[in-house]
Amino acid sequence: MELRDLLDALNAGESILGDSPLHAVMLQSSQNAMRITGELNSGYHEPARVRELLSELTGRPVDETVTVFPPFTADFGKNIAFGRRIFINAGCTFQDQGGVTIGDDSLIGHNVVIATLNHDLAPNRRGDMHPRPVVIGRNVWVGSNATILPGVTIGDDAVIGAASVVTKDVPAGSIAVGSPARVVRSVTE
């Protein structure tokens, strides 16, 4: 099994069994992500160097308009897709095995957590993982300390309030706050 096999399985939404060869590839990939983020977070780097390290982490080019303030942590790295003109503030953590996509012009506040895996509920299968992608649309603002859970899509132009826990999709142009996050109004009201 190789990384491509794992990515294919994750992106197809297949469960990764805790004792499987795919799980072993996931652990190996996580070691690589820890190495790269360890370097990223080890001290000051010019913005171009931060993007170089993010490109190494994700395995794809990161646009020169993307700005990330370390520390930044991803425990896999290979399933993150950044758009253009994105700003990610310090302290964010991405669990990206299930896939994290961030659209153009989005702002991600301090200490945001994005999770894309759930463990199995059955005690004897707790090591099994179930991936579900997180998709953040264009021009979204996610407030500091928010948590976005697996399978959530946040529509274009939406705002997520600080410290919210987003458990379900947020429509475009909406403001969602709280735990669990609930839509409270439109951004145009």
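Entry: I began with the packing of α1, whose buried residues lie against α2 (21-40) and β10 (129-131); contact here means heavy atoms within 4.5 Å. Before going on, I noted that the model is predicted, that local features need pLDDT of at least 70, that side-chain atom pairs count only at pLDDT 80 or more, and that totals for chains, interfaces and linings use all residues. Residues are numbered from 1 along each chain as its sequence is written, and side-chain values use heavy atoms, with hydrogens and water left out. My helices (H or I, at least four residues) and strands (E, at least two) are DSSP runs, numbered from the N terminus.

Which residues of helix α1 are buried? In α1, residues 3-11, I found Leu6, Leu7, Ala9 and Leu10. Buried means under 20% relative accessible area, exposed over 50%, and partly exposed in between, with a 1.4 Å probe and protein chains only. These residues sit on the same side of α1, because they cover an arc of only 165° around the axis; the arc is that of the directions from the helix axis to the C-beta atoms. After α1 comes Gly13, with a positive phi near 80°.

**Entry: a look at α2.** I picked Leu27, which lies in helix α2. Its relative accessibility is 47%, so I wrote it down as partly exposed. From Leu27 to Pro70 I get 23 Å, C-alpha to C-alpha, across 43 residues of sequence.

**Entry: aromatic pairs.** How many aromatic pairs does the structure hold? I found two. Rings of Phe, Tyr and Trp (its six-membered ring) pair if their centres lie within 6.5 Å; planes under 30 degrees apart count as stacked, over 60 as edge-to-face and the rest as tilted.

Phe69 and Phe87 have ring centres 4.9 Å apart and planes at 85°, so I logged the pair as edge-to-face. This pair links distant parts of the chain, 18 residues apart: Phe69 is in the loop between β1 (67-68) and β2 (72-74), and Phe87 is in strand β4 (residues 87-88). Phe69 is partly exposed at 43% relative accessibility, and Phe87 is partly exposed at 23%.

Phe72 and Phe94 also have centres 4.9 Å apart, with planes at 80°, so this pair is edge-to-face too. Phe72 belongs to strand β2 and Phe94 to strand β5 (residues 92-95), so the pair ties together parts 22 residues apart in sequence. Both Phe72 and Phe94 are buried.

**Entry: the largest pocket.** About 160 Å³ of space lies in the largest pocket. On a 1 Å grid over the protein atoms alone, a pocket is an open set of points where a 1.4 Å probe fits, with protein on both sides within 12 Å along at least five of seven lines; lining residues have an atom within 4 Å of a point. The volume is the space filled by probe spheres set on the points.

Which element gives the most to the lining? I have α3 down for that, with four residues. The elements giving two or more lining residues are α3 (47-58) and β1. Among the lining residues are Tyr44, His45, Arg51 and Phe69.

**Entry: Gly109.** I ended in the loop between β7 (107-108) and β8 (113-115), where Gly109 lies. Gly109 counts as buried, at 12% relative accessibility. Leaving aside neighbours within four places in sequence, Gly109 is in contact with Asn89, Cys92, Val142, Gly143 and Ser144.
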